Amino acid sequence: GVAVRQIDSHYGGLSSFDFQSMIVDVAEALSDQLASHQFLLTYVGSGCFVCVVEGGARLDVRRFTDALNLAIHRMALSSSAGESLVVRVAVGAMFRLFWRPGQHALDALSQAHASAEQEAVRVERELDQIWFMEQSA
């Protein structure tokens, strides 16, 4: 799964049109990054996407996240009022669907969704703490 970080801020600070446009732009960046694979991508809400990649492809999550964030940055997203948008994503753990029939496949997609949301929260928490240094006298 892939989650847009700070999605609540984007949702609260953008018009409906601008928010939907941002989601479409993230989907486009995701599609471009996955172009060398056969994939199925869906938006599941709350800034989260779930993707199934054919053939058991195992992407390097860190490299994929960096490439995806760079692609989004290069799109120079802005609101309809011309204000720049800073949109970043987090990529959760990958789950294999091989030999997962029916409900087990749905469970794997749910896990991917939850993992992406948890990763987005973790990244933001770490960024908030990056400048905090506990000191004692």
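For the account below, Ala, Val, Leu, Ile, Met, Phe, Trp, Tyr, Cys and Pro count as nonpolar, Asp, Glu, Lys and Arg as charged, and the others, Gly among them, as polar. The model is a predicted one, in which local features need pLDDT of at least 70 and side-chain atom pairs count only at pLDDT 80 or more, while totals for chains, interfaces and linings use all residues. Residues are numbered from 1 along each chain as its sequence is written, and side-chain values use heavy atoms, with hydrogens and water left out.

## Overall fold

The protein chain has four helices and four strands, where helices (H or I, at least four residues) and strands (E, at least two) are DSSP runs numbered from the N terminus. Read along the sequence, these elements follow the pattern β-α-α-β-β-α-β-α. Of the 137 residues of the protein chain, 31% count as buried; buried means under 20% relative accessible area, exposed over 50%, and partly exposed in between, with a 1.4 Å probe and protein chains only. Contact means heavy atoms within 4.5 Å, and among the contacts in the protein chain with a separation of 6 or more, residues 24 or more positions apart account for 59%.

Strand S2 (residues 39-45) and strand S3 (residues 48-53) pair in the antiparallel sense over six bridges, pairing being assigned if DSSP finds at least two bridges between two strands. Within this pairing, Thr-42 has Val-50 in S3 as its bridge partner. The two strands form a hairpin with two residues between them, and Ser-46 lies in the turn.

Most residues other than glycine have a negative phi. Ser-46 has a positive phi of about 55° although it is not a glycine, and Gln-6, likewise not a glycine, has a positive phi of about 55°. Gln-6 lies in the loop between S1 and H1, whereas Ser-46 lies in the loop between S2 and S3.

## Nonpolar cores

A nonpolar core is a set of buried Ala, Val, Leu, Ile, Met, Phe, Trp, Tyr and Cys residues joined through side-chain atoms within 4.5 Å. In soluble globular proteins, nonpolar side chains tend to be buried together. The largest core here has 21 residues, of which Met-22, Val-26, Leu-68, Ile-72 and Val-87 touch the most other members. Strand S1 (2-4), helix H2 (16-33), helix H3 (61-74) and strand S4 (89-91) each supply at least two residues of this core, and the largest share, six residues, comes from H2. Not counting residues up to four places away in sequence, Val-26 touches Val-4, Phe-49, Ile-72, Val-87 and Val-89. A second, separate core of six residues includes Ala-3, Ala-90, Ala-120 and Val-123.

## Individual residues

| Residue | Relative accessible area | Class |
|---|---|---|
| Ala-3 | 3% | buried |
| His-10 | 8% | buried |
| Ser-110 | 45% | partly exposed |
| Gln-6 | 46% | partly exposed |
| Ser-46 | 55% | exposed |

Ala-3 is placed in strand S1 and, leaving out residues up to four places away in sequence, touches Gly-47, Cys-48, Arg-88, Val-89, Ala-90, Ala-116, Glu-117 and Ala-120. The C-alpha atoms of Ala-3 and Val-50 are separated by 8.8 Å, although these residues are 47 residues apart along the chain. Ser-110, which has its place in helix H4, is 60 residues from Val-50 in sequence and 8.6 Å from Val-50 in space, C-alpha to C-alpha. His-10 is found in helix H1 (residues 7-13), and its contacts, leaving aside neighbours within four places in sequence, are with Val-4, Arg-5, Phe-19, Met-22, Val-86 and Val-87.

## The second largest pocket

On a 1 Å grid over the protein atoms alone, a pocket is an open set of points where a 1.4 Å probe fits, with protein on both sides within 12 Å along at least five of seven lines, and lining residues have an atom within 4 Å of a point. Grid points are joined across faces, edges and corners, and a volume is the space filled by probe spheres set on the points. The second largest pocket holds about 290 Å³ of space. Of the 13 residues that line this pocket, Thr-65, Asp-66, Glu-119, Arg-122 and Val-123 are the closest to its centre. H3, S4 and helix H4 (103-129) each supply at least two residues of the lining, which by class has five nonpolar, two polar and six charged residues.
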